[in-house]
Amino acid sequence: MATPRPPPRMRAAPPPRPSSPAAAHARPCSGGSGRAGGSMAEPLRAFRLRGCGSPQKFGVAAGSLRGLLRKGCRLLQLPLPGSRLCLYEDGTEVTESYFHALPPQTELVLLGPGETWRGCASDIEGFLAAFYNRRDAVVEAARKLLTDEQAPRRQRLLADLIHNLNENSLAEDKEDDKKWFEGLESRFKNKSSYMRHSCESRIRSYMKEVSSFISNVHPTAKDAYKRIIDLMSDKLRSAKYNGCYFDRREEEAVRLCTAEGWFSCQGPFDRDDCPCKHSINPYSNRESRILFSTWNLDHIIEKKRAVVPELAEAVKTRDGREVNWEYFYQLLFTVDNLKLVHIACHKKTNHNLSCDKTKIYRKRKQNHKIS
């Protein structure tokens, strides 16, 4: 009986030739769906996504920037046109090429049209706004945390937070903030009157130093020195010892604080600003009022080393010239030569600055006789 033959092998049909050279080199687009034309989809990667105005984060997976934008906009109910993604940490906008270089679980912020994100700074701004909008609730929560907190650094942060938020700066009269007036004389009925008195006391102490220097003045010049002291004293009394500098009720041009009572450090004598941005509001609470007493009205051209000795020398060597005592008055008692500085910005080293020699004397007023 004959053995049956096996069926003939079927040869695979050769692939169709490309119709053009360009088609021969075509590849599937990245991020394709994998359904049409046999293209392969990009692998999905997970990201942490949040909106601009909310701390809530969502896990979203996508294989392309466009896909992540679409999912994010649906999730956060934002319009796709005009929306974009950026890095949470610094606000760098994410491009398609940058997207593929991002590691999984990168935290991103989805911005709608017109929204901006400056990185962590934007979060801090929102954080501070929330603090002041719900100040009482934050203070109460911080107090509860402080009760059980053992770590010194966290204790300090919570205590500072309570101190800064637990304030009553808008209150002016004693009846409205009795705690602020604890330890003060009963004659002070409002905050501004005490702050004015505080400034006056500092200026009075400068005047006492100028007066006490008379013992060092040359005997032939003591009478002239005393006359200048009397002129300065009269001018200070008429100016109410420049107490206006600390009084928030005064016109902005003459006070050193805002209308709310905030003082800013003006920096060391050899700088135009404060490198640490020190600020304080002694009107806010009792502790700040006490701490403000450590701030200094610092003479740029030093009072003891330069101004007062120069005044004594000018009186001694005047030789018929008239001493320009008003120039010395400005250096000693006004903000022409005084800077309000935090104690850390008060440099007690020699300033090595001297008075302007061209301003020490002035021409005498001449009386013309009428013939």
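Predicted model: local features only at pLDDT ≥ 70, side-chain atom pairs only at ≥ 80, totals over all residues.
## Aromatic pairs

Let's start with the rings. Across the whole structure, a search turns up twelve aromatic pairs. Is W180 buried or exposed? W180 counts as buried because its relative accessibility is 0%. Y194 is buried too, with a relative accessible area of 17%, which falls under the 20% cut-off.

A second pair to look at is F246 with F292, again edge-to-face, with 5.1 Å from centre to centre and 70° between the planes. Here the partners come from distant parts of the chain: F246 is in the loop between helix 8 (222-238) and strand 5 (263-264), F292 is in helix 9 (residues 286-292), and 46 residues separate them. F246 has a relative accessible area of 0% and is buried; F292, at 2%, is buried as well.

W180 has a charged neighbour besides: R289 lies over the face of its ring, 5.2 Å from the ring centre. Elsewhere, the charged end of K235 sits over the ring of Y329, at 4.8 Å from the centre.

Helix 8 has 17 residues and spans 25 Å between its end C-alphas, close to the expected 24 Å. Which residues of helix 8 are buried? They are A224, Y225, I228, I229, M232, S233 and L236. Their cover includes helix 7, helix 10 (303-316), strand 8 (322-323) and helix 11 (325-333). Just beyond the end of helix 8, K240 adopts a positive phi of about 55°.

## Strands 7 and 9

Strand 7 (residues 296-299) pairs with strand 9 in the antiparallel sense, over four bridges. Within this pairing, L297 has L340 of strand 9 as its bridge partner.

In a regular strand, side chains alternate between the two faces of the sheet. In strand 9 (residues 338-341), L338 and L340 point one way, K339 and V341 point the other way, and all are buried.

## K57 and its surroundings

Finally, have a look at K57, a residue of strand 2 (residues 57-62). With a relative accessible area of 42%, K57 is partly exposed. Setting aside neighbours within four places in sequence, K57 is in contact with R48, L49, R50 and E107.

How far apart are K57 and E107, in sequence and in space? They are 50 residues apart in sequence, and their C-alpha atoms are 8.6 Å apart in space. The side chains of K57 and E107 make a polar contact at 3.4 Å.

Methods: Residues numbered from 1 in each chain as written. Heavy atoms only, no water. Phe/Tyr/Trp six-rings, centres within 6.5 Å; stacked < 30°, edge-to-face > 60°. Buried < 20%, exposed > 50% of the residue type's maximum accessible area, 1.4 Å probe, protein only. Helix = DSSP H or I, 4+ residues; strand = E, 2+ residues; numbered from the N terminus. Lys NZ or Arg CZ within 6 Å of the ring centre and 35° of its normal. Pairing = 2+ DSSP bridges. Expected span 1.5 Å × (residues − 1). Contact = heavy atoms within 4.5 Å. Polar contact = N/O pair within 3.5 Å; in protein donor to acceptor, adjacent residues only side chain to side chain.
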